[in-house]
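Hello,

Here is the structure I promised to pass on. Please open it first, then read my notes below.

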Amino acid sequence: MIPAPMDGRKGIKQTDLIFWGRTYNSGHKVSRVMIYLGQGNDGSHWMFGDKGKKKKGLNGAGVDIFMLNSGYQKSLVGYGSLPGAF
């Protein structure tokens, strides 16, 4: 399920950038950026990027593919497409 702040399935689109803050003490409003990959055959939603050493992706930690679930909304700053890219 896509987090409610992302307007469920109708809000975020494949290739949109997802911005989070407060994921670590960076001193900036945005501390992490991921790319939304879309929905899998099983209904799960996926993103690509760097999640650090504590979160495990499909292939391990670091830069990888991660499931997007409703637990991420607490640090969500925003999402959207890159202007002029599509």
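The structure holds two salt bridges. A salt bridge here is a side-chain nitrogen of Lys or Arg within 4 Å of a carboxyl oxygen of Asp or Glu. In general, side chains of opposite charge can pair when their charged atoms come close.

Some ground rules. This is a predicted model, where local features need pLDDT of at least 70, side-chain atom pairs count only at pLDDT 80 or more, and totals for chains, interfaces and linings use all residues. Residues are numbered from 1 along each chain as its sequence is written, and side-chain values use heavy atoms, with hydrogens and water left out.

Lys-13 is partly exposed, at 46% relative accessibility. Asp-16 is buried, at 2%. Buried means under 20% relative accessible area, exposed means over 50%, and partly exposed is in between (1.4 Å probe, protein chains only).

Another salt bridge pairs Asp-50 with Arg-32, and their closest N and O atoms are 3.6 Å apart. This pair links distant parts of the chain: Asp-50 is in strand S3 (residues 45-50), Arg-32 is in strand S2 (residues 32-39), and they are 18 residues apart. Strands are DSSP runs (E, at least two residues), numbered from the N terminus. Asp-50 is partly exposed, with a relative accessible area of 34%. Arg-32 is buried, at 13%.

Look at the backbone here too. The backbone oxygen of Asp-50 lies 2.9 Å from a polar atom of the Arg-32 side chain.

Best wishes

Methods:
Helices (H or I, at least four residues) and strands (E, at least two) are DSSP runs, numbered from the N terminus. A polar contact is a pair of N or O atoms within 3.5 Å; within protein, one must be able to donate a hydrogen and the other to accept it, and residues adjacent in sequence count only if both atoms are side-chain atoms.
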